[in-house]
Amino acid sequence: MPTVAAKKKLAFPFELIRADLSRVEDEIREQARAFDPAVEGYVSYVCNTSGKRIRPALALLAGGACGGSNPDHRKLGTVLELIHIATLVHDDIMDGASVRRGMPTASAKWGNALSVLLGDCLFAHALTLTSEFEDRAISRKISQAAADVCQGEIIQTQRRFDLSLKVDEYLRIISMKTAALFASATELGARLSGASEEVQAGMREFGDALGTAYQIYDDCLDLVGDEAVVGKTLGTDLAKGKLTLPVLNLINRATDSQRAKINRMLLEKEPIELPVLAGIADYEGAIDAAVDFARDLLVGARKNLLPLGGNDFAEGLDRVVGYLDDLLVGCRR
């Protein structure tokens with residue numbers, strides 16, 4: 001659970017963009033009304049249970065840091081959030097998750113068949129909205145990011161229970177399935193503000209590192225989090241055969257006999273409770289190593305903020321990095 005000090009780090013950046021982020025929220029709700037009346041209720045429900053609007057916030061902060069935001073930044077935030085919501089709907093189906101942000105998931109509420117189609121509708125609608133950008137590169141880059149997200153999910157699904165998965169392969173998967181939208185938010189936020197190609201590239205690297213670190217945090221949280229606090233179903237990664245960084249660390253650090261036992265439990269899909277893992281191998285060390293890796297990514301992310309100078313929005317992006325860093329430290333065992 002975030003500490004009071006960690007939450008204070010987010011207060012400043014979110015105050016900077018409060019008005020614009022509120023407009024993005026209104027726009028997301030307005031987009032729900034663009035669907036057929038028979039579908040609108042489903043869209044409204046998932047839009048209201050989907051998260052903290054991190055990607056729109058990053059787009060707005062990046063825009064402010066690179067010269068100032070405009071209505072296109074709000075449109076960018078809306079599009080990226082709709083794509084993100086679509087991925088959550090599909091993720092919950094694949095993971096068999098029943099709760100998200102303390103509410104029943106779409107699949108738990110209406111079944112998998114309808115939820116698959118609901119996610120498809122959100123994807124299609126979001127990509128339709130990209131045609132409104134005058135800069136055609138914006139549309140192309142968002143479409144590529146959406147394709148990367150879907151391909152990343154496919155590769156992750158292919159590699160479930162694949163005990164030959166390497167850490168660099170895992171990192172490529174999460175760079176596609178999670179970091180792609182973070183990178184789009186910061187890169188395109190900079191582009192819409194007229195930033196140079198060099199600054200755009202640096203902001204893309206910033207978003208990629210931030211998104212990758214965020215996914216590693218989420219993977220650790222799946223092992224150490226409290227469902228009552230987090231507000232979503234946890235413990236699904238191992239059950240579904242997702243070999244995340246802490247699990248790969250655990251397997252790589254185990255002795256031959258420990259690894260054989262873990263492998264058998266995974267392949268035979270035995271119920272794996274965390275105390276069992278802790279008794280098999282260096283569970284705490286595996287978590288801590290994943291945390292350290294993600295924190296190193298954040299150090300690299302911050303370096304990409306240096307060319308932006310000392311404006312408030314750049315400071316806001318730095319505070320977001322600090323907030324995630326605090327969350328990661330909280331995952332230590």
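Residues are numbered from 1 along each chain as its sequence is written, and side-chain values use heavy atoms, with hydrogens and water left out. In this predicted model, local features need pLDDT of at least 70 and side-chain atom pairs count only at pLDDT 80 or more, while totals for chains, interfaces and linings use all residues.

We may start with the overall picture. The secondary structure comprises 17 helices and 2 strands, taken as DSSP runs numbered from the N terminus (helices H or I, at least four residues; strands E, at least two). Of the 333 residues in the protein, 53% are buried, where buried means under 20% relative accessible area, exposed over 50%, and partly exposed in between (1.4 Å probe, protein chains only). Contacts are defined by heavy atoms within 4.5 Å; among those between residues at least 6 apart in sequence, 76% join residues at least 24 apart.

In soluble globular proteins, nonpolar side chains tend to be buried together. Here, the largest nonpolar core has 93 residues, and Leu122, Met203, Leu210 and Leu317 have the most contacts inside it. Helix α9 (residues 167–192) supplies the largest share of this core, with 11 residues. Such a core is a set of buried Ala, Val, Leu, Ile, Met, Phe, Trp, Tyr and Cys residues joined through side-chain atoms within 4.5 Å. Leaving aside neighbours within four places in sequence, Leu122 is in contact with Phe35, Val43, Val46, Leu82, Ile85, Ala86 and Val89.

His125 is found in helix α7 (residues 112–129) and counts as buried because its relative accessibility is 17%. With neighbours within four places in sequence again set aside, His125 is in contact with Gln31, Ala34, Phe35 and Leu82.

The structure holds 3 cavities of 30 Å³ or more. On a 1 Å grid over the protein atoms alone, a cavity is a set of points where a 1.4 Å probe fits but cannot get out, and lining residues have an atom within 4 Å of a point. Grid points are joined across faces, edges and corners, and a volume is the space filled by probe spheres set on the points. The largest cavity has a volume of about 110 Å³. Of its 13 lining residues, Val46, Thr49, Val89, Asp92 and Arg100 are the closest to its centre. Helix α5 gives the most to this lining, with 4 residues. By class, the lining of the largest cavity has 7 nonpolar, 4 polar and 2 charged residues; Ala, Val, Leu, Ile, Met, Phe, Trp, Tyr, Cys and Pro count as nonpolar, Asp, Glu, Lys and Arg as charged, and the others, Gly among them, as polar.

Thr49 lies in the loop between α3 (37–47) and α4 (54–65) and is buried, because its relative accessibility is 11%. Beyond neighbours within four places in sequence, Thr49 is in contact with Arg100, Arg101 and Met103. The C-alpha atoms of Thr49 and Arg101 are separated by 6.1 Å, although these residues are 52 apart along the chain.

The second largest cavity holds about 60 Å³ of space. Residues lining the second largest cavity include Gln156, Arg159, Tyr170 and Lys242.

Finally, a search of the whole structure finds 0 disulfides, a disulfide being a pair of cysteine sulfur atoms within 2.5 Å. The sulfur of Cys220 is 5.2 Å from the closest cysteine sulfur, in Cys331, which is too far for a bond. Cys220 counts as buried at 0% relative accessibility, whereas Cys121, at 32%, counts as partly exposed.

Key
On a 1 Å grid over the protein atoms alone, a cavity is a set of points where a 1.4 Å probe fits but cannot get out, and a pocket is an open set with protein on both sides within 12 Å along at least five of seven lines; lining residues have an atom within 4 Å of a point.
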